[in-house]
Amino acid sequence: MSGHTAVMLTSPKAIGVSTPVSVDVQNPHGVRRVSAFLEQDGARYPLYEETAPSNRLLIKRHEPARRINFEAGKNKAPNLKEGKARLVVETVSNDFRGAKDTAATDVDVILAPPRVVADGFQHYINQGGMELVTFTPSGSWTQSGAKVGKYSFRSFPLPGHAGQRFSMFAYPWDLPDNINPLVFASNIAGTEAIAHFWFKLFPKKFRVRDFPIDDALMQKLVDSVDPTGQLAPGPDLLHRFLTINGDLRRKNNQQLADLRFKTEEKILWNGPFVHYGKEEANFADVRNYIYHGKQVDQQVHLGFDLSDVQDAPVNAANDGRVVWAGDLGIYGNCIVLDHGYSLQSIYGHMRQIDVKVGDMVKKSQKMGIAGQTGLAGGVHVHFSMQVDGVQINPREWWDEHWIKDRILSKVAPQ
């Protein structure tokens with residue numbers, strides 16, 4: 001007829017002016033009272049309390065678990081000071097005994113806000129391309145960078161300028177042309193400061209093309225990516241192809257994005273990136289897949305297909321370190337090079353890979369042989385680039401003038 005309450009406190013590491021807190025409580029008899037407070041220097045500051053009618057006699061037996069949300073911080077406790085504190089949640093079970101249970105955690109109280117000031121440069125940005133912004137964060141901050149709509153980009157210390165940072169950021173192809181890029185600084189208490197900077201966007205229209213597929217092509221592609229039928233089992237060939245072309249594509253692109261954490265905080269590249277082969281498909285081509293006269297799928301091709309002759313070498317577009325060398329689903333045999341500061345290049349559909357993760361390669365060094373592994377209908381190399389996990393148009397990095405003007409004029413190699 002009596003029982004204890006399971007209390008699970010989901011608390012941030014720090015409490016600021018107003019910080020959200022969640023607590024899950026579970027007792028089959030229900031909870032008669034829940035109260036939360038902060039303890040600091042011997043004082044107790046109430047944050048939240050709720051009570052329910054007592055059920056000492058008519059005891060419930062199957063009450064579901066509940067999540068309770070409340071705010072903690074200076075707004076709730078005006079006398080709170082910066083420093084250490086303890087967040088405590090107490091419950092009383094709604095049964096005969098009324099058992100008391102407690103969950104508590106130590107937190108840091110951070111009340112000083114972050115601040116950030118952006119540079120005064122003029123920033124010209126191509127949609128689908130990228131740019132570099134410098135800024136100065138101050139106050140209480142733990143993270144900083146640039147944001148463009150739903151996308152966020154890390155920052156790094158600006159060489160030779162103590163206290164300043166920079167962020168290489170993209171204006172992704174899939175955003176509308178009315179987004180204002182900004183820089184931010186935030187702290188672990190959840191407080192964020194932002195600053196805008198001067199920019200001019202050059203909107204781009206990306207190609208939309210029909211991509212006819214038939215049973216023979218689908219069979220070839222499905223067998224190339226999933227010869228055992230384990231990655232994309234399905235009732236028929238079309239269903240398997242659509243699973244690979246959609247679900248596996250998204251998974252593989254996320255794997256590429258996750259490689260952004262394998263980067264060095266220095267410039268590894270040297271001069272413009274080398275353009276190899278003939279362009280067969282462009283960055284951000286929208287493909288409508290047509291089967292028996294009907295559109296069955298639409299996907300976006302985030303890179304260039306660079307065709308070459310059979311058994312042609314695949315050469316590094318610039319100096320870098322290998323962070324991926326192996327199968328990557330729709331990209332087949334794939335190599336990813338890190339060029340520093342979250343800039344990376346991607347080489348897909350290779351027949352043979354001659355490097356391994358951790359190798360340093362030089363510009364124009366042979367890394368393997370072109371092929372048609374993955375979702376490739378013919379021999380070519382899928383070449384793309386990404387900044388902090390967001391794929392961008394490589395064309396800018398083939399332009400020595402653009403690199404000097406937009407990047408190296410602000411961040412010189414050390």
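Biologist: Which strands are among what covers the buried residues of helix 3?

Modeller: This is a predicted model, where local features need pLDDT of at least 70 and side-chain atom pairs pLDDT 80 or more, while totals for chains, interfaces and linings use all residues. Residues are numbered from 1 along each chain as its sequence is written, and side-chain values use heavy atoms, without hydrogens and water. Helices (DSSP runs of H or I, at least four residues) and strands (E, at least two) are numbered from the N terminus. The cover, judged by contact (heavy atoms within 4.5 Å), includes strand 10 (123-126), strand 11 (130-139) and strand 15 (165-170).

Biologist: Which residues of helix 3 are buried, and over what arc?

Modeller: Buried means under 20% relative accessible area with a 1.4 Å probe, protein chains only (exposed is over 50%, partly exposed in between). In helix 3, residues 400-408, the buried ones are Trp402, Ile403, Arg406 and Ile407. They sit on the same side of helix 3 because the arc they cover around the axis, taken from the directions to the C-beta atoms, is only 100°.

Biologist: Which element gives the most to the lining of the largest pocket?

Modeller: A pocket is an open set of points on a 1 Å grid over the protein atoms alone, with protein on both sides within 12 Å along at least five of seven lines; lining residues have an atom within 4 Å of a point. Of its 17 lining residues, the closest to the centre are Tyr151, Trp173, Asn253, Leu302 and Gln391. Strand 22 (294-301) and strand 31 (390-392) each supply at least two residues, but the most, five, come from helix 2.

Biologist: Where is Tyr341, and what is its relative accessible area?

Modeller: Most residues other than glycine have a negative phi. Tyr341 has a positive phi, near 55°. This residue lies in the loop between strand 26 (333-338) and strand 27 (343-353), and counts as buried because its relative accessible area is 6%.

Conventions:
1 Å grid on protein atoms, 1.4 Å probe; cavity = no way out; pocket = protein on both sides within 12 Å on 5 of 7 lines; lining within 4 Å.
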